[in-house]
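Please look over the sequence and the model first, and then read on.

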Amino acid sequence: MKKEISLLLITWTKRLLGLTAFFVWGYVIFTISRSPAPFMEQAPYCMGSTILIFGLLTAAYKGLDHWSLQNK
């Protein structure tokens, strides 16, 4: 019973992390795009923030995935 609850908690944590990362990414991209700078100056910030946000999401997701495999 405890393993089932743990696996369900991990699954919902993954979903919540993905949704949160998407909204944070959208906010950051929207904030960068409102800058008066031309696109060529904004592009590195857009790429860097995208890599950072989704890199952290991937690391957290893989950690949760490893934890769920340990609980099976």
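F23 is exposed, with a relative accessible area of 55%, where exposed means over 50%, buried under 20% and partly exposed in between, for a 1.4 Å probe and protein chains only. The model is a predicted one, in which local features need pLDDT of at least 70, side-chain atom pairs count only at pLDDT 80 or more, and totals for chains, interfaces and linings use all residues. Residues are numbered from 1 along each chain as its sequence is written, and side-chain values use heavy atoms, with hydrogens and water left out.

| Residue | Relative accessible area | Class |
|---|---|---|
| F22 | 46% | partly exposed |
| F23 | 55% | exposed |

F22 and F23 form an edge-to-face aromatic pair, 5.8 Å centre to centre with 65 degrees between the planes; rings of Phe, Tyr and Trp (its six-membered ring) pair if their centres lie within 6.5 Å, and planes under 30 degrees apart count as stacked, over 60 as edge-to-face and the rest as tilted. Together with W25 and F54, F22 and F23 make up one aromatic cluster.

Helix α1 (residues 2-33) packs with helix α2 (residues 39-71) at an angle of about 180 degrees, their axes being 10 Å apart; helices here are DSSP runs (H or I, at least four residues), numbered from the N terminus, and axes are lines fitted to C-alpha atoms over the stretch in contact, with angles running from 0 to 180 degrees between N-to-C directions. The buried residues of α2, among them C46, I53 and L57, pack against α1.

Definitions and conventions:
Helices (H or I, at least four residues) and strands (E, at least two) are DSSP runs, numbered from the N terminus. Contact means heavy atoms within 4.5 Å.
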